[in-house]
Amino acid sequence: MIDTTSSRLFDEARTYLPGGVNSPVRAMRAVGRQPLFMDRGQGARMWDVDGNEFLDYVGSWGPMILGHRHPAVVSALEAAFAKGTSFGTPSALEVEMARRLVEAVPSVEMVRMTNSGTEATMSALRVARGYTGRDLILKFVGCYHGHGDSLLVAAGSGVATFGLPDSPGVTKGTARDTLTVEFNDLTAVEDVFSRIGEQVAAVIVEPVAGNMGCVPPAAGFLEGLRAVTARYGAVLIFDEVMSGFRVAYGGAQERYSVTPDMSTLGKVIGGGLPVGAFGGRADIMEKVAPAGSIYQAGTLSGNPLAMAAGVATLDVLAAGSAYETLESLGARLEVGLIAAAAKAAIPARVQRVGAMLTTFFTAEPVVDFPSAKTSDTDRYGRFFRGMLERGVYLAPSQFEVAFLSTAFTESDIDRTVEAAAEVLSGLE
Ligand code: KE4
């Protein structure tokens, strides 16, 4: 594969941008190669600056659920753009978006737009702390909720203890207010609450984990979180930035019939433009300025272009058979990958929820971050590079997911499976 233009651009980019990228995972360090610079996308495909064509299973990390340049999104953006880009005033499109989120997402009675998932989760935590008057939050090892300080916290020595900074720059004081336990470990959560439940402002969880690879909630896990947080008056936050409008139109909370107190959203709801949102029970959201005293703001929050692309995306998802298509394509890919790994006698686990899927290079079920880490990441890197050479762009990390879009066809999936069979058969 020729990547001379990408390579030249990367050399120049590293002069101006830390690591040559604007977000670390794009640098492809986890899969042992330099990044490719994309030039354009159409449907399920994208082309890099050297003209290489790829089936795109990253989809901008989730937003492109309809594929690139869906006609409805393009025309909505053109119409909005013809009238200007941003006014810093209320606009009708913000009301259109808010109404759809309230109608679609069971926990959302009121909502506030932001410009990223990070802003959404940061804001949701502040609101939960302001609403409860409590300081502590509980998160799960391996779940990622953006780069807000309170959430860049590693498990303390032995889980279910106070957190430790997971990045330089996060203060010990901040980390101390974040507890971490293993994903799917309801007993550990109940143990924390039995000891200090009255101090916990919120539990934040990816209801379907996607940032350690795809890890579904264990039976009863989400229901258990709902019960214990209700019992102690803590706010249950579902971080649906990735799962929202992906695993169902109403997100994981609709798919698993568990309604949190607050939810955070992003990615899909912006149709590829910068976006985030946090929402929840009206009695909580009414505390947010200027209705209430909990401050939160944003110059470009609810900007017309992102609202136009997002509303158009949600309307396409709501109108047709998108989720049946995504489920059927996802199942076809899952079955094909399992068969290809078995034929090659490569230990692998394919885990999927709807249109998000991960091939873990481990023999054991992946139920939390420790089990995800039994995966052979070096083997994943070789798998990734082999697939890239065959025109299939997967997530450049074992601990991410492949995202399907409605733009894929069955023959795209079959081609992906054929490529996987070739790569896996040659993978020592
Ligand atoms: P952003 O700030 O990147 O818009 O959203 C943060 C975020 C919050 N919550 C969940 C569940 C998320 O998955 C994310 C961001 N996801 C990563 C992909 N694993 C974005 C890719 C990147 O960091 O470049």
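Strand S3 (residues 53–56) runs parallel to S16, and two bridges join them, strands (E, at least two residues) and helices (H or I, at least four) being DSSP runs numbered from the N terminus. This is a predicted model, in which local features need pLDDT of at least 70 and side-chain atom pairs count only at pLDDT 80 or more, while totals for chains, interfaces and linings use all residues. Residues are numbered from 1 along each chain as its sequence is written, and side-chain values use heavy atoms, with hydrogens and water left out. Leu55 has Val392 in S16 as its bridge partner. The two strands belong to an open sheet of four strands with mixed pairing, in the order S1-S2-S3-S16, where strands count as paired if DSSP finds at least two bridges between them. Strand S1 (38–42) and strand S16 (392–393) are the edge strands, each pairing on one side only.

S1 and S2 are antiparallel and are paired over four bridges, and the bridge partner of Gly41 in S2 is Met46. Their hairpin has two residues between the strands, and in it Gly43 takes a positive phi near 60 degrees. Helix H14 (residues 410–425) lies across strand S2 (45–48), S3 and S16, at about 105 degrees to S3; such angles run from 0 to 180 degrees between N-to-C directions, with axes fitted to C-alpha atoms, for helices over the stretch in contact.

## The sheet of S14, S15 and S17

A further open sheet has three strands in the order S14-S15-S17, with antiparallel pairing. Its edge strands, each pairing on one side only, are strand S14 (349–353) and strand S17 (402–403). Strand S15 (residues 356–360) pairs with S17 over two bridges in the antiparallel sense, and Met356 stands opposite Phe403 in S17. Helix H11 (residues 322–343) packs on this sheet, touching S14 and S15, and its direction makes about 175 degrees with that of S14.

The protein chain is divided into domain 1 (5–69 + 321–425) and domain 2 (71–319), with bounds that come from an automatic or database domain assignment. Their C-alpha centres lie 25 Å apart, and the contact (heavy atoms within 4.5 Å) takes 31 residues from domain 1 and 32 residues from domain 2. Between them the domains bury about 2500 Å², 66% of it on carbon and sulfur atoms, buried area being the accessible area (1.4 Å probe) that two parts lose on being put together, summed over both. Of the area that domain 1 buries against domain 2, Tyr323, Val353 and Met356 supply 25%, more than any other three residues.

## Nonpolar cores

The largest nonpolar core has 79 residues, of which Tyr57, Leu101, Phe245, Ile269, Leu317 and Phe383 touch the most other members. A core of this kind is a set of buried Ala, Val, Leu, Ile, Met, Phe, Trp, Tyr and Cys residues joined through side-chain atoms within 4.5 Å, where buried means under 20% relative accessible area, exposed over 50%, and partly exposed in between (1.4 Å probe, protein chains only). Helix H10 (residues 304–319) gives the most to this core, with nine residues. Domain 1 and domain 2 both give residues to the core, so it lies between them.

Leaving aside neighbours within four places in sequence, Leu317 is in contact with residues including Ile65, Phe245 and Tyr323. Apart from this core lies another, of 33 residues, among them Val189, Val192, Phe360 and Val366.
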